2 protein chains.
Amino acid sequence: MVLVVQKYGGSSMADAKRIKNVARRIAQAKDKGERVVVVVSAMGDTTDELIKLAYQISEQPGDRELDVLLSTGEIVSSTLLAMALRAMGYEAISLSGAQAGIRTDATYRRAQILKVEAKRVVKELERGNIVIVAGFQGITDEMDITTLGRGGSDTTAVALAASLGAEVCQIYTDVDGVYTADPHLIPEAQKLTEIGYEEMLELASYGAKVVHPRAVELGELFNIPILVASSFTDSSGTLIHGGVSMEVRNKVRSIAQDLDVAKITVVGVPDRPGIAASIFQPLATAGISIDTIVQNASIDNITDLTFTVAKSQLAKAMRLVEPIAKSIGARECVSDSKLGKVSIIGTGMQNTPGYAARMFGALSEQGINIQLITTSEIRITCIIDESRVEDAVRALHRVFEMEIGE
Amino acid sequence: MVLVVQKYGGSSMADAKRIKNVARRIAQAKDKGERVVVVVSAMGDTTDELIKLAYQISEQPGDRELDVLLSTGEIVSSTLLAMALRAMGYEAISLSGAQAGIRTDATYRRAQILKVEAKRVVKELERGNIVIVAGFQGITDEMDITTLGRGGSDTTAVALAASLGAEVCQIYTDVDGVYTADPHLIPEAQKLTEIGYEEMLELASYGAKVVHPRAVELGELFNIPILVASSFTDSSGTLIHGGVSMEVRNKVRSIAQDLDVAKITVVGVPDRPGIAASIFQPLATAGISIDTIVQNASIDNITDLTFTVAKSQLAKAMRLVEPIAKSIGARECVSDSKLGKVSIIGTGMQNTPGYAARMFGALSEQGINIQLITTSEIRITCIIDESRVEDAVRALHRVFEMEIGE
């Protein structure tokens, strides 16, 4: 009998009506003869409300206590979904992360799953139950509750799918799949039937809205196909997997953009070993995430070092970097907070000439100035003025003929 | 070092401000050098709201799932209280019922505590923590969550106190102790400094509003003194214990009343063995709680059987009893739904003559007709017209000179 793991996010579980709708979808899978394990997030804004409550009590609630508090959100939604299924005449049981055997380290707020001891899940499946597991949470060896941090429920679902040898992990959310570009921006964007794990990872912030990169990485590691589809419609969704057909590998698969980009350039840096570390170590300690880093080739042992951060972190980053720049003898620090990022993504692009040239040409035709360029095996990214990001995505979508779909 | 167990109810934990107030009270105990274990109920109306949510999903939510759902209410309040204490600079940790080792049978919704495995609680106390335990919940051998039903958090507190060998179990609530009569009814009622376990149990519904009989029984069994006091004031409360002084034993300690009384009389019952069972068995099966039962001495092998039920259950009880009465050859069934109950309570009353006579005399002086009389070792109860209950309590309070207090 085929085993599937399904995951439903907070917006799919927002109220009694939606929970009943989710129950009907699960029932369809059960009626097809599948064994079903379901992972759920907390209802709607529950997690945010619990966090708000905690901060009414204490400015520093403490990570262990916050994790216990937050874990209740997913437990509530798991019990309600089990009730809804039972009301429809299906055998169903809810399990907490602890009961489902999600064993983690003790890093509260962002615990890593160490292993899944799914004995209880297997036993309940054998009893004929649909098993509803509270996502986003686990338990330490000390029997303390942890939460998994960002993408936690997606990760729970893929980890369970790997541990149980599920055929597929189905992530149901409020979008109906992965598109050739963000459909909010490009209405003519096409839904992809399939995409490779690595391509999905390169979709970065756009992709992360669909399914968290951490879950995609885990899927790749255990070779679990991940279907992303809408919980509100019956459209077929996008399958993220490793076996993407030969023919679709060598082409641009998707365009991604990001409007939350600020740039800092340290100008006139003496090119000595240890300089990069002296700049980036304090930023890391302060919890500032660095995205792109570009260091130009040096001329007369002087170079410029440019990196990007989220806009909200620009001021803090500048306060840290300016004294460092002075101390290492750099000329000055300049920043620009009105930037955006546009990327083309497709496996094997770098092995095929011409993609970068076509991308730069398309931007140039639109009169868009490229401020920075970075590339990976399967991605080419340009940092441009934020006001031109939309034009850029539209132009690239056209040039790479993505309207035609796959 | 003295160990105390404190319990705070839902109204004491209703919002962030009240939780901080509770934290300050706990801190006072800690500052006195006491080791403190705290049991909490869910915040305010949380439990009712969760039940409402469940019934939006399903008319029959299922007891196992309901228990998991409801258990989250106490977990939320336990973490918030731990956060509040930590914000004040105290070491504190929250534990679920499962983590605190509250092992129960698998009777969902009204599980019985089988044992308390308090290893983790002891370990956290040794680490210097104030230990906050989610009340009302436990865990089965199968690692399934249960709830303890009515009086669950009071019972958790007394069970932990017994298991840890605590000096006292302090129940903090929204009343400041046990009174000689319900202070809402008799403003001149006096607060008792102390009361025996059995006297407290006989206070029945009035007493149950203060601390649940189940917890009092457990306290008696393990000889744990239970202090009942207000979480909102600093008044001294009432100590429920076994060692009530000789002098106060032989007197009326408290007057109790209950307005929720309906009476059914099966008239002209042939006095044969098995008749009582044939009437009460179907009522028990239907979940109808019988309070007082009175069967008069029979004349010519014919007797009348009278019993009382809650008013809300009268119609259902009559529907069940009428056909039975007919089948056993009774003459008729009559009911009266406008009744109340008034009791005088005091250890050793029946060994001392005159209490009953004084009670009946006091009611007679007020022109109050007594419909039924029942007694126990330490209680005399009269069923009277509901409209006269208040007059009766006032008269008895005066006659037994309870305004003088002890």
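Some ground rules. Residues count from 1 along each chain as its sequence is written, and chains are lettered from A, with ligands numbered from 1, in the order in which they are written. Because the model is predicted, local features need pLDDT of at least 70 and side-chain atom pairs count only at pLDDT 80 or more, while totals for chains, interfaces and linings use all residues.

Confidence first. pLDDT is the predictor's confidence in each residue, from 0 to 100. Chain A averages 89. In that chain, 95% of the residues score at least 70. The model has an ipTM of 0.75 and a pTM of 0.78.

Next, symmetry. Chain A goes onto chain B by a rotation of 180° with 0.0 Å of shift along the axis. The RMSD is 0.2 Å. So the two copies are related as by a two-fold rotation axis.

Now the interface itself. Contact here means C-beta atoms, placed from the backbone, within 7 Å. By that rule, 28 residues of chain A meet 28 residues of chain B. On the chain A side, the elements giving two or more residues are helix H1 (16-31), helix H2 (46-57) and helix H3 (63-87). Helices are DSSP runs of H or I, at least four residues; strands are runs of E, at least two; both are numbered from the N terminus. H3(A) gives the largest share, 13 residues. By class, this side has 16 nonpolar, 8 polar and 4 charged residues. Nonpolar covers Ala, Val, Leu, Ile, Met, Phe, Trp, Tyr, Cys and Pro; charged covers Asp, Glu, Lys and Arg; the others, Gly among them, are polar.

On to domains. Chain A has domain 1 (3-174) and domain 2 (255-404). Those bounds come from an automatic or database domain assignment. The domain centres, taken over C-alpha atoms, are 38 Å apart.

Burial needs its cut-offs. Buried means 20 or more other C-beta atoms within 10 Å, exposed means 12 or fewer, and partly exposed is in between, with C-beta atoms placed from the backbone. A nonpolar core joins buried Ala, Val, Leu, Ile, Met, Phe, Trp, Tyr and Cys residues through C-beta atoms within 7 Å. The largest one has 247 residues. Val38(A) is among those with the most contacts inside it. Leaving out residues up to four places away in sequence, Val38(A) touches residues including Tyr8(A), Leu81(A) and Ile132(A).

Glu199(B) sits in helix H6 (197-202) of chain B. Buried or exposed? Glu199(B) is buried, because 27 other C-beta atoms lie within 10 Å. Among the residues that Glu199(B) touches, beyond four places in sequence, are Arg253(B), Ile345(B) and Ile378(B).

Last, two positive phi values in chain B. Arg109(B) has phi near 75°. Arg109(B) lies in the loop between strand S4 (102-104) and strand S5 (113-116). With 15 C-beta neighbours inside 10 Å, Arg109(B) is partly exposed. Asn223(B) has phi near 55°. Its loop runs between helix H8 (213-222) and strand S11 (226-230). Asn223(B) is exposed, because 11 C-beta neighbours fall inside 10 Å.

Definitions and conventions:
Two residues are in contact if their C-beta atoms, placed from the backbone, lie within 7 Å. Copies are superposed by least squares on the C-alpha atoms of residues with pLDDT of at least 70 in both.
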